[in-house]
Amino acid sequence: HEFCDSDPNRPWTILFSHPADFTPVCTTELGRCDTLLEYFSQRGVKLIGVSCDSVEDHRAWSKDVLAREGRPDQEELSFPIIADADRSIVTKLGMLDPLEKDDKKMPMPARALVVIGADKKVKLSILYPATTGRNFNEVLRVIDSLQLTADLSLATPVDWQQGDRLIVAPSVPTEEAAQRFAGLEIENLPSGKEYLRTVEDPAAPPMEGEPQQEASN
């Protein structure tokens, strides 16, 4: 909770776990997060990682991560990583992957990612196996959706991107939707039921310089 309250300009928090330091997939993920930090900050989101090694290992590993991203002069990552050498935190949070084991035959942490809202409630939880790297462009897209639909009046359809049309929630009467949102359209479906209603994105124009999906190295 202290970290969640640490920055009033970024009241949302993403907590994400890593199996271990000096591991290849984790290295690519941390680099991507450091690169995307400004885009998370624009959305009022701060990042914090957790990995099952010591603070000293974290610091040494960070140099590898930053060098790979072309930032060798940057002294440390732009977000903290919790040292969980005894795995007490990831065990308590249920982040262990029983199918992935280290050289001591101990379960390794999965790639868990939790989005925590300004109200300190979990808004989203995604669990990847240790062998699958996360897509942080997708995490940004989900953040946009969560924040835009927070009052439960709207929903985002399949493959939604910022600026696309949104769906009006079933709980909102059509008359109310027409007054609250611009460009209300009702799809004509064979059932004759007027349940698929869309409106224009009421959010501000897309943020400048949105990140592009990077190819793997």
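Hi everyone, and thanks for coming. A word on the ground rules: this is a predicted model, where local features need pLDDT of at least 70, side-chain atom pairs count only at pLDDT 80 or more, and totals for chains, interfaces and linings use all residues. Residues are numbered from 1 along each chain as its sequence is written, and side-chain values use heavy atoms, with hydrogens and water left out.

Let's start with the whole protein. There are five helices and eleven strands; these are DSSP runs numbered from the N terminus, with helices being H or I of at least four residues and strands being E of at least two. Along the principal axes, the C-alpha atoms fill a box of roughly 60 × 40 × 35 Å. The protein has 217 residues, and 41% of them count as buried. Here buried means under 20% relative accessible area, exposed means over 50%, and partly exposed is in between, with a 1.4 Å probe and protein chains only. Of the contacts with a separation of 6 or more, 62% are between residues 24 or more positions apart, where contact means heavy atoms within 4.5 Å.

Now to the helix pairs. Two packed helices are described by the angle between their axes and the distance between the axes. The axes are lines fitted to C-alpha atoms, for helices over the stretch in contact, and angles run from 0 to 180 degrees between N-to-C directions.

How do α1 and α2 pack? Helix α1, residues 24-42, meets helix α2, residues 55-68, at an angle of about 65°, and their axes are 9 Å apart. The two are therefore roughly perpendicular; that label covers 65 to 115 degrees, while under 35 is roughly parallel, over 145 roughly antiparallel and the rest oblique. On the α1 side you'll find C26, T27, T28, L30, G31 and D34, and they meet W61, V65, L66 and R68 of α2. Those contact residues divide into five nonpolar, three polar and two charged. For that count, Ala, Val, Leu, Ile, Met, Phe, Trp, Tyr, Cys and Pro are nonpolar, Asp, Glu, Lys and Arg are charged, and the others, Gly among them, are polar.

Helix α1 has another partner, α4. Their axes come within 10 Å and cross at roughly 30°, so α1 and α4 are roughly parallel. From α1, the residues E29, R32, C33, L36, Y39 and F40 meet F136, N137, V139 and L140 in α4. This contact splits into seven nonpolar residues, one polar and two charged.

Most residues other than glycine have a negative phi. R87 is not a glycine, yet has a positive phi of about 65°. Where does R87 lie? You'll find R87 in the loop between β3 (81-83) and α3 (88-92), and R87 is buried, with a relative accessible area of 15%. L152, also not a glycine, has a positive phi of about 65°. L152 sits in the loop between α4 (136-148) and β8 (154-155), and at 64% relative accessibility L152 counts as exposed.

Last stop: E100, in strand β4, residues 96-101. Is E100 buried, exposed or partly exposed? With a relative accessible area of 24%, E100 is partly exposed. Setting aside neighbours within four places in sequence, E100 is in contact with M106, P107, M108, A130 and T131. E100 and P129 are 29 residues apart in sequence, and 8.0 Å apart from C-alpha to C-alpha.

Thanks, and I'm happy to take questions!
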